[in-house]
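Welcome, and please get your viewer ready. We will go from stop to stop, selecting a few residues each time.

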Amino acid sequence: MDNAPRVDVIVPAYRGLGLTLACLESLLGATCRTPHRIVVINDCSPEPDLTAALRQLAGQGRLELLENRRNLGFPATANRGLTLSPERDRVLVNSDVLVFDGWLDRLAAAAQAAPDIGTVTPFSNNATICSYPVPNTDNPLPADIAPAALDALCAAENAGKTVDLPTAVGFCMYIRRECLADVGLFDAEAFGLGYGEENDFCQRAAHCGWRHVLAGDVFAVHAGGASFGEGRKPALARNLAVLAARHPGYLPRVREFMRRDPVAALRRNVDVARLARLAPPPLVVRLCHAKDGGTARRLADEARELVAAGFTPASLAPADRENPDHRVRLTVDHPEVAADLVYALPDELPRLVDDLRRLGTAGCVFHHFLDLPPEVLALPHRLGVPHEARVHDFGWFCPSINCINDTGLACGEPDRAACQRCADVNGTDMPHLTVEALYAQSGRILETAARVVAPSRDAAARLRHCFPTARVEAVPHPEPALAPPPPPAILPWDGRTPVRLAVIGAIGEHKGYGVLLAMARDANRRGLPLSFQVAGFTKDDFPLFATGKAFVSGRYPENEAVDVIRELDCHLALFLSVWPETYCYTLTEAWRAGLYAVGFDLGAVGERIAATGWGWRLPPSRDGAAVNDRLLALFRQPPAPGTLLP
């Protein structure tokens, strides 16, 4: 092999003695077959010790040193290095980067993989779209693996694999000499001291037909921002504006790249390998939608329970929660490797199965299949592991999930033909399934499950009615013990004192928004001494505000619910769900806040109030005036706690 340098490794230096020397030691110490030389350009450093150290290394013949007589900034300093040897490829390396054995060989191989590749960027902990393990994040270095070992793992798991990028990332940027000759240097005049110059270069290169790629088999450490210090953010903002004006399509392309995230497969390869090295406890995969609410809360609680029981919890959900598509996201809750793995189905289903086997999957739990690609529903069979199911709503047999028909109230679960007519008229959350197909799909899961857990007797009974051979158990969600709330001091009511009623949570139609609005309007029209204090938010706050009888607190962190409810200083809590809820966490929060509950005698709300006696039950109704009248009668002559009002 010709030992003449084929690559110039160019390191502009300005500040940071420790980081710069660590960078140079890593470059000098890394074993690489590719002939290269290291060129450091001192951009008139204000640190005498740094200048002295660089001169000493150059005097020892370990590197070549150029010195600027005045500070030029990164783009102009980089340009000085880029013009040294037109016959060589170049790598621009920030002075706060660490590299490892073979790094240059792998970058050079990626650059030569196709004649139109102009630049190559490695993975790093801090490299925007090339960041690992989390993209567009300044990641801390992983605790489970040394950086050199992580680079070696990338080399093994992603050997020769590249992904096209909208731009290179300038912290460590390999530039083919043909590309540089075609495109020209960085625009030092437009980008001043730095930030954005490599993006501008890459957009100009793309206009000339050059591609930019990530080398998935290289990882380099990047401290980030060491030279700029406090001036980093203003410089970045200013130069991004220049970039956007010069290349109007650039930022939209980057946003689309981030949305598609084509690098996910390469990050996934490394994540799975890291997890496998740690030999985690057996994995339990929970399949669910990606929505918020009580289901998400139960998943979080269950994860803690699984860890305590000696398992590693994982969840499989739609990759894009806002616009679900054919991609799923496997999130493994491991304390050392927060793996976030995306698979495009059906093509990558075999890879998903292989990875789950490699990680030692012991079983699956179906929480929900809304928005999940149908291929994943056969995971337990493909893996050869047992599965269970959890009930959070009635999507198992109801296409609208909550058993509400066109009356706006619970339907009573008619026969399948009537359910299909309802779906045809009122729409469905699962348009790809007929009612018969939904029953068949759910039956394959529920009737072969080791057990099906519903959080209330009411929910369990509804599931047994539809799937009589399923092993359905009624098991309330585990929660800390509750002290009984005190009976409302305002009762019996004197008929004059204003009564404040707390309505808790995210109040949409299924949670009784329409009933609440009708009650507030009726209270306003008749001048009733009732007000409705929403601890949370509603589907449309403004009509409620317009009644003069309602207040809405707005969203709050889940752990602040009890404090928010108490601050509203209400006399009772009101539950108006028009569907048979399976549990209702907000009922627990009302009791924790010291409030008796008044709720429709429907589903778990009615069941729990009857069982505890911590409130009263009302017949379900959408007639706001009728509900108000029942409340006023209750307040005047409270019946025995737990009673169902006539």
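The tour below visits a helix pair, the nonpolar cores and some aromatic rings.

Before we start: this is a predicted model, in which local features need pLDDT of at least 70 and side-chain atom pairs count only at pLDDT 80 or more, while totals for chains, interfaces and linings use all residues. Residues are numbered from 1 along each chain as its sequence is written, and side-chain values use heavy atoms, leaving out hydrogens and water.

**Stop 1: two helices**

Select residues 513–526, helix α18, and residues 624–636, helix α23. (Helices are DSSP runs of H or I with at least four residues, strands are runs of E with at least two, and both are numbered from the N terminus.) At what angle do the axes of α18 and α23 cross? They cross at roughly 70 degrees and come within 8 Å; axes are lines fitted to C-alpha atoms, for helices over the stretch in contact, and angles run from 0 to 180 degrees between N-to-C directions. The two helices are therefore roughly perpendicular, a word used for 65 to 115 degrees.

Now show the side chains where they meet: V515, A518, M519, D522, A523 and R526 of α18 face G624, A625, V627, N628, D629 and L631 of α23. Contact here means heavy atoms within 4.5 Å.

**Stop 2: the cores**

Next, select L330, L352, V376, W396, F397, L631 and F635, which touch the most other members of the largest nonpolar core, a set of 95 residues. Such a core is made of buried Ala, Val, Leu, Ile, Met, Phe, Trp, Tyr and Cys residues joined through side-chain atoms within 4.5 Å; buried means under 20% relative accessible area (1.4 Å probe, protein chains only). Helix α18 gives the most to this core, with seven residues.

Then jump to L107, I129, V218 and Y250, which are among the 59 residues of a second, separate core.

**Stop 3: aromatic rings**

Rings of Phe, Tyr and Trp (its six-membered ring) pair if their centres lie within 6.5 Å, and planes over 60 degrees apart count as edge-to-face. There are ten aromatic pairs by this rule. Pick F394 and W579: their ring centres are 6.1 Å apart and their planes stand at 75 degrees, so this pair is edge-to-face. The pair ties together parts that are 185 residues apart in sequence.

Finish at W591 and W614, both buried.

Conventions: Parallel < 35°, antiparallel > 145°, perpendicular 65-115°, else oblique. Buried < 20%, exposed > 50% of the residue type's maximum accessible area, 1.4 Å probe, protein only. Phe/Tyr/Trp six-rings, centres within 6.5 Å; stacked < 30°, edge-to-face > 60°.
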